[in-house]
Amino acid sequence: MSSTVDLTGRVILVTGASRGIGYAVALAAARAGADIIITGRTLGALEELDDAITADGGHGTIVEHDLRDTPALPRLAAAIHERWGRLDGLVANAGMLGVLTPLSHLEPEVWDDTIAVNLTAQWHLIKAMEPLLVAAPAARAVLVSSGAASGSYPFWGAYAVSKAGLEAMGRVWAGETEQTNLRINMINPGGTATSMRAAAFPGEDPQTLPTPDAIAPAFLQLLSADCTDHGQLFKARDMLGL
Ligand code: NAP
């Protein structure tokens, strides 16, 4: 895959674009020419991103949305259909850490919330967006996973389980869409300097980690029409040699 990615004219939806990895990926994709739909709950942060996209000559569309509001997703898909008739890229990035504690200590509300955001809402997203993705000539979907999905991560209970489920869902979805123009892959960003990482590792010096801007190019490669991989799990650091 090439290191310079041209996304000119591609309509790409990035969830969790208000900060961290989603913010950096949305900005980088807009700089590469994509028409970006940015979602999250924090309107002010999405407006800041939209200003940054506009300042770079790009075009963004803000959608204030809590992923737990799943009935809003078909409405969003209908609005995208009306305006563009297709979706060329989906970055299912939004996620939450929950609480790091032994499984038996987790509060049921934390379990439910983490699974709802990191897994169930992702299924609703896929369900709502698939017709738009399949309608595009070469759509690419990127599901954002974590090393916790497959490694041994004691205390990361609901988060680890949700990401393992997300990866399984990605493989199922890829198998089902083999005969379409849609290519679906998963990415493990690896430890990246964001607020989620700081919450998980409070004693860590963020300067020792790649920034979201540094790993964003890996996402762009997977969003490119040139990406022919399907149903694979990539590590951003390996893709970029970080
Ligand atoms: P972050 O800085 O905490 O950002 C999370 C994003 O998700 C925010 O934009 C947040 O927006 C959005 N979000 C959270 N709950 C939401 C909800 N209920 N509805 C809508 N949006 C919601 O996290 P990050 O580190 O950038 O993580 C991005 C992705 O990478 C996640 O899937 C994470 O699991 C994964 N990941 C991160 C690392 C790392 O080291 N950072 C490592 C492995 C995997 P609002 O708060 O505005 O809604």
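Helices (H or I, at least four residues) and strands (E, at least two) are DSSP runs, numbered from the N terminus. The structure is a predicted model, in which local features need pLDDT of at least 70, side-chain atom pairs count only at pLDDT 80 or more, and totals for chains, interfaces and linings use all residues. Residues are numbered from 1 along each chain as its sequence is written, and side-chain values use heavy atoms, with hydrogens and water left out.

The protein chain has eight helices and seven strands. Its C-alpha atoms fill a box of roughly 45 × 35 × 35 Å along the principal axes. The radius of gyration is 17 Å, which agrees with the value near 18 Å that a compact globule of 242 residues would have. This radius is taken over C-alpha atoms, and the globule rule is 2.2 Å times the number of residues to the power 0.38. Of the 242 residues, 52% are buried. Buried means under 20% relative accessible area, exposed over 50%, and partly exposed in between (1.4 Å probe, protein chains only). The chain exposes about 10,800 Å², and carbon and sulfur atoms supply 53% of that area. Accessible areas come from the Shrake-Rupley method with a 1.4 Å probe; for residues, only the protein chains shown count as cover. Contact means heavy atoms within 4.5 Å. Among contacts between residues at least 6 apart in sequence, 73% join residues at least 24 apart.

The seven strands form an open sheet with parallel pairing, in the order 3-2-1-4-5-6-7. Strand 3 (59–64) and strand 7 (232–235) are the edge strands, each pairing on one side only. On average, neighbouring strands are turned by 20° against each other, direction ignored. Axes are lines fitted to C-alpha atoms, for helices over the stretch in contact, and angles run from 0 to 180 degrees between N-to-C directions. Two strands pair if DSSP finds at least two bridges between them. Strand 1 (residues 11–14) and strand 2 (residues 35–40) pair in the parallel sense over four bridges. Within strand 2, D35 is the bridge partner of V11, and I38 is that of V14. V11 and L13 point one way from strand 1, whereas I12 and V14 point the other way; all are buried.

The largest nonpolar core holds 35 residues, of which L7, I12, I36, V91, I187 and F219 touch the most other members. Strand 1, helix 1 (20–31), strand 2, helix 2 (43–55), strand 5, helix 7 and helix 8 (236–240) each give two or more residues to this core. Helix 1 gives the most, with eight residues. A nonpolar core is a set of buried Ala, Val, Leu, Ile, Met, Phe, Trp, Tyr and Cys residues joined through side-chain atoms within 4.5 Å. I12 is in contact with L7, A34, D35, I36, I37, L87, G89, V91 and L223, leaving aside neighbours within four places in sequence. Another core lies apart from the largest one; it has 29 residues, among them I37, L87, L125 and M169.

Helix 7 (residues 212–223) lies across strand 1, strand 4 (89–92), strand 5 (140–144), strand 6 (183–188) and strand 7. The helix runs at about 140° to strand 5. A218 lies in helix 7. This alanine is buried, with a relative accessible area of 0%. Beyond its neighbours within four places in sequence, A218 is in contact with I187, A236, M239 and L240. The C-alpha atoms of A218 and S150 are separated by 20 Å, and the two residues are 68 apart along the chain.

P210 is found in the loop between helix 6 (195–200) and helix 7. P210 counts as buried, at 16% relative accessibility. Not counting residues up to four places away in sequence, P210 touches G191, T192, A193, I215, R237 and L242. P210 and A94 are 116 residues apart in sequence, with 19 Å from C-alpha to C-alpha. H65 sits in the loop between strand 3 and helix 3 (72–83). H65 also counts as buried, at 9% relative accessibility. Its contacts are G40, R41, A72 and L73, not counting residues up to four places away in sequence. F155 lies in the loop between strand 5 and helix 5 (157–176). Although not a glycine, F155 has a positive phi of about 80°.
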